[in-house]
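Here is a short report on one protein model. Look at the structure first, then read on.

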Amino acid sequence: RQGCINFGYWKGLCFPITKEKRRRAAKQLYFLLFAQFPKKSRLVLEVGCGRGHGVYWLQQMRYEAYGIVMLDEQIALCRKSYPHYYPYFQKGRAETIPFRNACFDVVYSLEAAQHFSSFECFCQEAHRTLQERGTLLIATYAIKSQEAIAPLTYAIPTGIEGFHNALVLADLLSSLRKHHFYVPSSPKSLGHEIFPYYAAWHKQQLEGTSWNDLSDERKKWGPYYTGSSEDMHPWQRVYEEGLLDYYLIRAEKQSQ
């Protein structure tokens, strides 16, 4: 199967980092979300389903799971990887979810919210497509405060895909409440089980690959990273400095 593309949840996976641990961490992050589903859930939607793994795993667990993604090539990849679930992958945007009102028990987004052009519209659409008291789950990194925005612009390469849409945590929670979701005041922080390990993995890939063989996305890290063994990777640095964290947010639909 194609690899997962999330940061990974590395609990129980100690150093040194290996490819197998990287795959396991990515899968663990999905299953951490799945564990938050209410027991009687059946109909599930993943918004920004990436390469289709989450929908496949949920189908194997006897959920009726659907996934939407906006890019034609990603839909094609999902359907090629999981042909038995071809109709469960559909083209769609977070801001205009292509399903009827009140049809899902759970809507979730794993590491996709930072790509949404309008988180406000996503909240509105999630509320519309969830059944009464349905569950919305979001796993993503978020900026910890307004004051962190300026230093982050110097710590993270410009042009990193999706990063320009990363939200301040307070704004993210405010948008959910504005659109009639109940959200606990303190969402679960996952950064301690994500950033140290993902940063080590990313650093390992940068050190072990020649410049010409690096992807365009990874080349953007060049000015921010020396490659020395003592150098702290930018993802780890911004977490250690309290500028950014990774959160699992569970919200419940309320009546308008």
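What covers the buried residues of H2? The sections below give the answer and then look at two single residues.

## About the model

This is a predicted model, in which local features need pLDDT of at least 70 and side-chain atom pairs count only at pLDDT 80 or more, while totals for chains, interfaces and linings use all residues. Residues are numbered from 1 along each chain as its sequence is written, and side-chain values use heavy atoms, leaving out hydrogens and water.

## Helix H2

The cover includes H1, strand E1 (43-47), strand E2 (64-69), strand E3 (89-91) and strand E4 (104-110). Helices (H or I, at least four residues) and strands (E, at least two) are DSSP runs, numbered from the N terminus. Contact means heavy atoms within 4.5 Å.

H2 spans residues 53-60, and six of its eight residues are buried, so the rest of the structure largely encloses this helix. Buried means under 20% relative accessible area, exposed over 50%, and partly exposed in between (1.4 Å probe, protein chains only). Trp-57 and Leu-58 are among the buried residues of H2. Arg-62 follows H2 and has a positive phi, near 75°.

## Asn-6

Asn-6 sits in the segment before helix H1 (19-34). Asn-6 counts as buried because its relative accessibility is 3%. Its side chain reaches the backbone oxygen of Ala-26 at 3.2 Å. Among the residues that Asn-6 touches are Arg-22, Tyr-30 and Glu-111.

## Cys-78

Cys-78 is buried, at 0% relative accessible area. Its closest cysteine sulfur is in Cys-49, 4.1 Å away, which is too far for a bond. A disulfide is a pair of cysteine sulfur atoms within 2.5 Å. By this rule, the count is zero disulfides.

Note on methods:
Polar contact = N/O pair within 3.5 Å; in protein donor to acceptor, adjacent residues only side chain to side chain. Lists of a residue's contacts leave out its neighbours within four places in sequence.
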